[in-house]
Amino acid sequence: MEDAKHGSQEAFTLLYNLYFTPVWRYVYLRTKNRGEADDLAQTIFLKVYKSLPRYRNTDAAPLSYFFTVARNTIIDHWRKKSHGVIYSDEAVNHASDTQADPNDKVKQKEDQEMITKALGTLTEDQEEAIVLRFMSGLSTKEISDVTGKREDAIRQLQSRALKVLRTYFKDNNFMA
Amino acid sequence: MKHQLSDNLIEEALKKHDAGIPTGEIVGPHDDQELLAMFEVIEKIENEATGIKPEMETLHALLKNISTPTKNPWSWMKIMTPIVGIAVVALFFIWHPGRTVIQNDQTAFVEPTTLAETAKAMETQFVYVEPANYGNEADISLASFTNDQSDTITLYDSTL
């Protein structure tokens with residue numbers, strides 16, 4: 001991060017390769033739209049790049065910095081569009097495009113559809129806590145840095161969300 | 001063992017999961033099927049997440065954007081428009097043919113040798129001139145001339 005701050009494009013490319021997928025995944029699962037996710041993710045990385053000269057090394061991991069920018073960018077995006085999360089099937093339709101085997105593709109599509117629908121049953125805070133933790137791979141401490149909520153509160157959100165998901169999966173025979 | 005797990009138990013398990021303790025060690029001591037099921041939920045979500053990924057060629061577009069950052073033309077315009085406007089007006093009054101000074105009464109001093117050029121440049125047939133350097137017509141305060149595309153200038157005394 002320090003090298004990138006001092007203008008190293010190689011360092012920024014490294015950060016991009018490390019963080020783009022988790023950031024994109026977070027944006028995608030929050031917007032449920034691949035096109036918007038592509039645009040917003042690029043906006044986020046441009047914002048980070050432009051803000052690098054002002055970046056200060058704190059206790060927070062660089063990943064938290066990227067996700068804080070991502071979160072604010074999504075909120076701004078929703079504000080501009082004047083609506084909340086749009087739940088569409090697009091997240092499912094494109095999710096497994098890269099799978100080679102058609103059977104695997106269908107199966108994964110079904111599974112992702114189930115996950116997406118299940119996430120849709122959560123509150124916005126619960127969904128964010130689950131997506132950040134288990135889909136983007138942030139630690140509870142990092143989620144706390146990004147959202148401004150206490151770690152205990154994050155775990156509580158995750159705990160309740162997991163219960164809801166467990167019930168949903170069970171009711172839909174997605175797991176035993 | 002079927003029961004609804006307490007939030008505390010799940011939160012404790014999540015804390016251990018955060019700390020990198022393997023699921024087997026977290027669930028094992030409790031031998032709790034519901035807790036195990038909770039981790040199955042996590043595993044399913046984590047597995048599906050790996051299939052959700054972007055097209056990485058966006059890096060190229062991003063780096064292209066970075067190397068030629070998009071500038072907001074309006075911010076440049078906001079600054080430059082008044083400057084350019086003032087400069088153009090100033091240059092017009094300072095440099096337009098035959099003109100050197102605008103007096104308070106808005107009467108223009110026009111050098112006699114540049115009247116034809118002045119007329120051409122101003123695309124007008126009427127120029128206000130001071131009564132200086134026009135032979136004996138010292139009392140001409142307002143005069144007009146015609147520009148017939150030649151060097152011949154005819155002055156008219158507006159008082160006639």
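Student: Is A:Lys141 buried, exposed or partly exposed?

Tutor: Read the relative accessible area against two cut-offs: under 20% is buried, over 50% is exposed. In this predicted model, A:Lys141 has a relative accessible area of 39%, so A:Lys141 is partly exposed.

Student: With which residue does A:Asp145 form a salt bridge?

Tutor: Look for a side-chain nitrogen of Lys or Arg within 4 Å of a carboxyl oxygen of Asp or Glu. Here the partner of A:Asp145 is A:Lys141, and their closest N and O atoms are 3.0 Å apart. A:Asp145 is partly exposed, at 30% relative accessibility.

Student: Why are A:Asp145 and A:Lys141 separated by about one helical turn?

Tutor: Because they sit four residues apart in helix 8 of chain A, which spans residues 140-147.

Student: Which residue meets A:Arg79 in a salt bridge?

Tutor: A:Asp76, with N to O at 3.6 Å. A:Arg79 and A:Asp76 are three residues apart in helix 4 (residues 62-81) of chain A, so about one helical turn separates them. Now check the cover. A:Arg79 is exposed, at 58% relative accessible area. A:Asp76 is partly exposed, at 31%.

Student: Which residue of chain B meets A:Arg155 in a salt bridge?

Tutor: B:Asp18, at 3.9 Å from N to O. Then look for a network. A:Arg155 and B:Asp18 are linked by salt bridges in one network with A:Arg133, A:Glu151 and A:Asp152.

Student: How should I read the area buried between chain A and chain B?

Tutor: Interface size is often given as the accessible area lost when the parts come together. For chain A and chain B, the buried area is about 3,900 Å². Carbon and sulfur atoms give 64% of that area. Three residues, A:Phe134, A:Arg155 and A:Lys163, supply 16% of what chain A buries against chain B, more than any other three residues.

Student: How many residues does the contact take from each chain?

Tutor: Chain A gives 43 residues and chain B gives 37. Across the interface, three residue pairs are in polar contact. On chain A, helix 2, helix 3, helix 6 (102-120), helix 7 (124-135) and helix 9 (151-171) each supply at least two residues of the side that touches chain B. Helix 9 of chain A has the largest share, twelve residues. By type, that side of chain A divides into 19 nonpolar, 13 polar and eleven charged residues.

Student: What is A:Arg25 in contact with, leaving aside its neighbours within four places in sequence?

Tutor: Sort the partners by chain. In chain A they are A:Met135 and A:Ser136; in chain B they are B:Ala49, B:Thr50 and B:Ile52. A:Arg25 lies in helix 2 of chain A. A:Arg25 is buried, at 11% relative accessible area. The C-alpha atoms of A:Arg25 and A:Ala41 are 9.1 Å apart, at a separation of 16 residues along the chain.

Student: Which residue lies in the loop between helix 2 and helix 3 of chain A?

Tutor: A:Lys32 lies in that loop, between helix 2 (9-31) and helix 3 (34-51). Check the backbone too. Phi of A:Lys32 is near 60°, a positive value in a residue other than glycine. Then check the cover. A:Lys32 is buried, at 1% relative accessible area.

Student: What pattern does chain B follow along the sequence?

Tutor: α-α-α-α-α-β-β-α-β-β. That is six helices and four strands. Of the 160 residues of chain B, 30% count as buried. Chain B exposes about 10,600 Å², with carbon and sulfur atoms supplying 59% of it.

Student: How much of the contact in chain B comes from residues 24 or more positions apart?

Tutor: Take the contacts in chain B with a separation of 6 or more. Residues 24 or more positions apart account for 27% of them.

How values were computed:
Residues are numbered from 1 along each chain as its sequence is written. Chains are lettered from A and ligands numbered from 1 in the order in which they are written. This is a predicted model: local features need pLDDT of at least 70, side-chain atom pairs count only at pLDDT 80 or more; totals for chains, interfaces and linings use all residues. Side-chain values use heavy atoms; hydrogens and water are left out. Buried means under 20% relative accessible area, exposed over 50%, partly exposed in between (1.4 Å probe, protein chains only). Contact means heavy atoms within 4.5 Å. Buried area is the accessible area (1.4 Å probe) that two parts lose on being put together, summed over both. A polar contact is a pair of N or O atoms within 3.5 Å; within protein, one must be able to donate a hydrogen and the other to accept it, and residues adjacent in sequence count only if both atoms are side-chain atoms. Ala, Val, Leu, Ile, Met, Phe, Trp, Tyr, Cys and Pro count as nonpolar, Asp, Glu, Lys and Arg as charged, and the others, Gly among them, as polar. Accessible areas come from the Shrake-Rupley method with a 1.4 Å probe; for residues, only the protein chains shown count as cover.
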